[in-house]
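User: I am new to this structure and would like to learn how to read its features one at a time. Could you show me the model and then take me through it?

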Amino acid sequence: MRIRFALILIALFLPVSGAHAAWPERPITMIVPFAAGGPTDVVARIVAEPMSRTLGQQIVVENVAGAGGTTGTIRAAQATPDGYTLEMGHMGTHGAAPALYPNLKYDPVKDFAPVGLAAGTPILIVAKKGFPAKDFKEFVAYLKANGDKLNEAHAGVGSVSFTTCAFFNSLVGAKPTRVVYRGTGPALNDLVSGQVDYMCDQIVNLVPQIQAGTIRAYAVALPQRSPALPDVPTTKEGGLPEFQVSAWNAIFAPKGTPPEVVAKLSGALQKALEDEGTKKRLLELGADLSDKAARTPEGLRKLVESEVSRWNKSLKSAGVTAQ
Ligand code: MLT
């Protein structure tokens, strides 16, 4: 009797696991919920390449921008859970968005199968070249006095740039005109050309422009300076220690994606992040690769749960809304 029962179990189980052993059999789409050329796109394209090599199928980035990243994230949450649609989400789409969108059409925890953290992305406060302030202290003083005459760029409600600068503006008491873009890639172009005055953005989008001197970096919102930009002081050095925030980018699959497929994806991501060339490219752009625990599906789930509750509290206490 027991042997027969065991055989049924095996028979029941065998087709399921077998079914996914051949995955992937065709290219995989990775949704980036912002415009091409921005920080999320940069991180996605850097890890997609070595992951494609490991998986033996191309990971194709598709930019689906809009509504601070929630448009692309809804698309990912509703995609067929067969392992062929992924998303490079981040601290905004899978952390802050629930606090800013009362009727958000996805749940960052329940509607996704987390794959793993790709990179931590420290936040910089940058301004157009020639901004009338010689250092961060003067920058904050100028914002306090003239904030309502300034244009601040961001990538939509719930994005990292929107959320972190809303927090920053509330701390310094600045009320700039908040100019929305489909991503901080296009926003950066307008900062370089001086059409907007400042923004809070992820370091991986900014290092080349800062090194080229086409924009001005006032401070990094980290406890210590970034090794990629040793000349840029911290907000603490600049007299605003309470503004310390870092973003992150991570890969998600839709809920219901087979665990074996998620395991293969997570394995490919972790292998990519151990690859010397990939590490070098990310570290040169100031990415933080220290959080290895969140590189696993379970580790990322914990990160998302804690980020959703953290941003819920801090945005509410700072009185930050979608307006
Ligand atoms: C982007 O890739 O454009 C950014 O992640 C936007 C943001 O969240 O600020």
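Analyst: What follows is a short tour of cores, helix contacts, a disulfide and some local backbone features. This is a predicted model, in which local features need pLDDT of at least 70 and side-chain atom pairs count only at pLDDT 80 or more, while totals for chains, interfaces and linings use all residues. Residues are numbered from 1 along each chain as its sequence is written, and side-chain values use heavy atoms, with hydrogens and water left out.

User: How many residues does the largest nonpolar core have, and which have the most contacts inside it?

Analyst: In soluble globular proteins, nonpolar side chains tend to be buried together. A nonpolar core is a set of buried Ala, Val, Leu, Ile, Met, Phe, Trp, Tyr and Cys residues joined through side-chain atoms within 4.5 Å, where buried means under 20% relative accessible area, exposed over 50%, and partly exposed in between, using a 1.4 Å probe and protein chains only. Here the largest such core has 53 residues, and those with the most contacts inside it are V47, M51, M88, L124, V126 and I251. Setting aside neighbours within four places in sequence, V47 is in contact (heavy atoms within 4.5 Å) with M88, A118, I251, L269, A272, L273 and L282. There is also a second, separate core of 52 residues, which includes I74, A127, V157 and F167.

User: At what angle do the axes of helix α5 and helix α6 cross?

Analyst: Helices (H or I, at least four residues) and strands (E, at least two) are DSSP runs, numbered from the N terminus. Axes are lines fitted to C-alpha atoms, for helices over the stretch in contact, and angles run from 0 to 180 degrees between N-to-C directions. The axes of α5 (residues 136–146) and α6 (residues 160–172) come within 9 Å and cross at roughly 80°. That makes α5 roughly perpendicular to α6, since angles under 35 degrees count as roughly parallel, over 145 as roughly antiparallel, 65 to 115 as roughly perpendicular and the rest as oblique. On the α5 side the contact is made by F136, F139, V140, L143 and K144, and on the α6 side by F168, N169 and V172.

User: Which residues does the disulfide join?

Analyst: A disulfide is a covalent bond between the sulfur atoms of two cysteines, and the criterion used is a pair of cysteine sulfur atoms within 2.5 Å. A search of the whole structure finds 1 disulfide, which joins C165 to C200 with an S to S distance of 2.0 Å. C165 lies in helix α6 and C200 in strand β7 (residues 198–202), so the pair ties together parts that are 35 residues apart in sequence. The link of C165 and C200 is right-handed, with 65° about the S-S bond. C165 counts as buried at 0% relative accessibility, and C200 counts as buried at 0% as well.

User: Is T235 buried or exposed, and where does it lie?

Analyst: T235 lies in the loop between β8 (215–220) and β9 (246–254), and T235 counts as buried, at 0% relative accessibility. Not counting residues up to four places away in sequence, T235 touches I125, F136, A219, V220, A221, L240, P241, F243 and Q244.

User: Which residues does the cis peptide bond join, and what is phi of A67?

Analyst: The cis peptide bond joins W23 and P24, with omega about 0°, and P24 is in the loop between α1 (2–21) and β1 (28–32). Phi of A67 is near 50°, a positive value in a residue other than glycine; A67 lies in the loop between β2 (59–63) and α3 (70–77) and is partly exposed, with a relative accessible area of 42%.
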